[in-house]
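Thanks for coming, everyone. Let me put the structure up on the screen, and then we'll walk through it together.

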Amino acid sequence: MTRVHDMGGRFGDGPVVPEAEDAPVFDQDWHARALAVTLACGALGQWNIDVSRHARERLTPKDYTRFSYYEKWIAALADLLVEKRVLTQEDLQGQGAEELHALAERALKAEAVAGVLAKGGPADREGGPAPVFTPGQAVRARVPADNALVSGGHTRLPHYTAGARGYILRLHGTHVLPDSNAHGLGEAPEPLYAVRFFARELWAHPEHPDDEVVLDLWQSYLEPL
Amino acid sequence: MIDGIMKHDWTEPAAAAQHEAMPHDDPNHPHALLPPDPALRVKALETILTQKGLIDPAALDEIIDTYQNRIGPQNGARVVAKAWSDPEFKAALLADADPVLADLGYYGRQGEHMVVVENTPAQHNMVVCTLCSCYPWPLLGIPPGWYKSDAYRARAVREPRKVLADFGVSLPEDTAVRVWDSTAEVRYLVLPMQPEGTEGLSEEDLAALVTRDSMIGTGLAKAPGEAPA
């Protein structure tokens with residue numbers, strides 16, 4: 001099932017409008033607050049990055065299209081806070097209790113910010129299945145380009161690659177599988193590869209015969225050719 | 001389909017009944033309970049979370065200060081300038097970027113797994129995230145608006161040369177374009193070609209020629225004396 005966020009190759013979006021190199025990082029103050037609130041809530045530990053990406057993708061196509069970038073972030077965050085029972089619907093309506101929350105002790109403190117941002121959240125893992133593909137090998141991207149575990153679930157396999165022939169460029173290591181991790185099904189780490197596709201294998205009217213697109217794809221997204 | 005996975009808490013009968021009674025345009029999503037104006041919506045959520053002790057406004061200020069003032073394309077520009085100046089550094093950076101960047105202190109959120117790709121006369125590299133907005137934060141900071149735009153996400157993979165034209169960039173016909181769609185947690189930085197006649201410049205002077213766009217691949221490094229983009 002294609003969702004609105006999976007827009008690679010789509011027609012009709014018009015020109016890209018560059019910005020000055022020295023344009024403000026945050027166009028509006030609330031953009032900065034939206035980013036900061038989202039990162040701070042992530043530190044509560046109630047979800048992972050795949051769950052939060054999926055929350056944005058689950059906005060209705062209508063909302064996804066009409067919301068600006070940080071509106072998507074904040075809407076998805078509100079949805080997630082209720083879904084994970086951190087907040088209630090009454091809270092969002094301003095009718096909730098004002099007492100300290102049970103998770104308050106986990107709240108990100110100013111003095112911890114630098115450490116948390118510097119530490120990051122690596123996605124590589126020990127173990128998992130052994131790599132079955134080697135650099136140079138021809139592969140095909142899975143058809144359909146859907147989550148194989150959960151109907152309509154999160155996946156990082158873009159629709160535009162479905163069924164296309166590509167070539168393994170490099171092995172990145174073994175990484176957490178978003179299709180599983182976004183749904184509480186565990187990290188299910190798998191070998192992750194950079195796979196190169198000729199533009200002419202992806203598009204009916206490529207701009208140039210030698211152009212390529214490279215995607216990072218998990219082992220279960222690929223079939224041998 | 002795994003039972004229960006796609007069932008949202010707010011579709012429980014009591015919650016659904018409550019929603020039906022409310023005049024919101026999208027009854028299935030709690031965000032509609034917040035004020036519709038974006039600035040007010042963020043403020044409302046921040047206030048609710050602060051009252052419950054779930055977020056610390058001082059921590060928010062710290063996060064914003066980090067990405068507004070401390071982490072940005074100046075980091076990536078230093079790496080590029082060093083690579084132009086030091087062949088051994090460049091070779092190590094292209095072979096395995098993570099330890100090299102960690103040594104310089106450029107590690108962290110959204111830059112845990114870095115790959116640096118080199119532009120050459122034969123190949124121009126360009127980075128996009130068609131599915132969301134993945135971007136190497138420790139080296140480039142928060143992505144510019146155009147990088148997150150529908151137009152860039154939709155078009156960069158299908159017609160990169162036309163997108164480059166939107167940036168005023170035209171490549172020779174014998175230069176192949178390789179577009180990197182950041183679909184996993186690996187983040188890509190483009191090492192632009194060093195402008196001619198800049199050999200021997202200090203790393204500081206070289207860094208001043210490296211634009212953010214040149215490290216995404218939608219621009220080229222500036223020639224000395226060229227006006228800022």
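Predicted model: local features only at pLDDT ≥ 70, side-chain atom pairs only at ≥ 80, totals over all residues.

In general, most residues other than glycine have a negative phi. And is B:Gln110 buried or exposed? With a relative accessibility of 9%, B:Gln110 counts as buried.

Now hop over to chain A for another one. A:Arg85 also isn't a glycine, and it has a positive phi of about 60°. You'll find A:Arg85 in the loop between H4 and helix H5 (89-92) of chain A. A:Arg85 comes out at 58% relative accessibility, so it counts as exposed.

A:Pro144 sits in the loop between strand E1 (138-141) and strand E2 (165-175) of chain A.

Okay, let's zoom out to chain A as a whole. How many helices and strands are there in chain A? Eight helices and five strands. Going along the sequence, the pattern reads α-α-α-α-α-α-β-β-α-β-α-β-β. The C-alpha trace of chain A spans about 60 × 45 × 35 Å along its principal axes. Of the 225 residues in chain A, 53% are buried. And if you take the chain A contacts between residues at least 6 apart in sequence, 66% of them join residues at least 24 apart.

Next, the inside. The largest nonpolar core has 124 residues, and the ones with the most contacts inside it are A:Leu35, B:Leu45 and B:Tyr152. Which element gives the largest share of this core? That's helix H4 (residues 69-83) of chain A, with ten residues. There's also a second, separate core of six residues, which includes A:Val4, A:Leu59, A:Phe67 and A:Ala75.

If you click on B:Tyr152, you can see what surrounds it. Leaving out residues up to four places away in sequence, B:Tyr152 touches A:Val16 from chain A, and its chain B partners include B:Met126, B:Trp146, B:Val163 and B:Ile216.

That brings us to where the two chains meet. The contact takes 108 residues from chain A and 98 from chain B. About 9100 Å² is buried between the two chains, and carbon and sulfur atoms give 59% of that. There are 43 residue pairs in polar contact across this interface. On the chain B side, helix H3 (residues 57-70) gives the most, with eleven residues. Split by class, that side of chain B has 50 nonpolar, 20 polar and 28 charged residues.

So, the charged pairs. Side chains of opposite charge can pair when their charged atoms come close. Over all chains the count comes to 23 salt bridges, and seven of these salt bridges are across the interface of chain B and chain A.

Here are a few to look at. A:Arg10 pairs with B:Asp150, with the closest N and O atoms 3.3 Å apart. Why does this pair join two chains? Because A:Arg10 lies in the segment before helix H1 (29-42) of chain A, while B:Asp150 is in helix H8 (residues 150-155) of chain B. A:Arg10, at 28% relative accessibility, counts as partly exposed, and B:Asp150, at 26%, is partly exposed too.

Then there's B:Glu46 with A:Arg33, at 2.7 Å from N to O. B:Glu46 is in helix H2 (residues 38-51) of chain B and A:Arg33 is in helix H1 of chain A, so this pair joins two chains as well. B:Glu46 has 6% relative accessibility, so it counts as buried.

A:Arg53 has two partners to point out. Within chain A, A:Arg53 meets A:Asp50 at 3.9 Å, N to O. A:Asp50 and A:Arg53 are three residues apart in helix H2 (residues 49-57) of chain A, about one turn of the helix, and both are buried.

Last stop, chain B again: B:Arg155, B:Arg158, B:Glu159, B:Lys162 and B:Asp166 are linked in a salt-bridge network. Okay, that's my tour.

Methods:
Residues numbered from 1 in each chain as written. Chains lettered and ligands numbered in written order. Heavy atoms only, no water. Core = buried A, V, L, I, M, F, W, Y, C linked by side-chain atoms within 4.5 Å. Buried < 20%, exposed > 50% of the residue type's maximum accessible area, 1.4 Å probe, protein only. Helix = DSSP H or I, 4+ residues; strand = E, 2+ residues; numbered from the N terminus. Contact = heavy atoms within 4.5 Å. Buried area = accessible area lost by both parts, 1.4 Å probe. Salt bridge = Lys/Arg side-chain N within 4 Å of Asp/Glu carboxyl O. Polar contact = N/O pair within 3.5 Å; in protein donor to acceptor, adjacent residues only side chain to side chain. Nonpolar A, V, L, I, M, F, W, Y, C, P; charged D, E, K, R; others polar.
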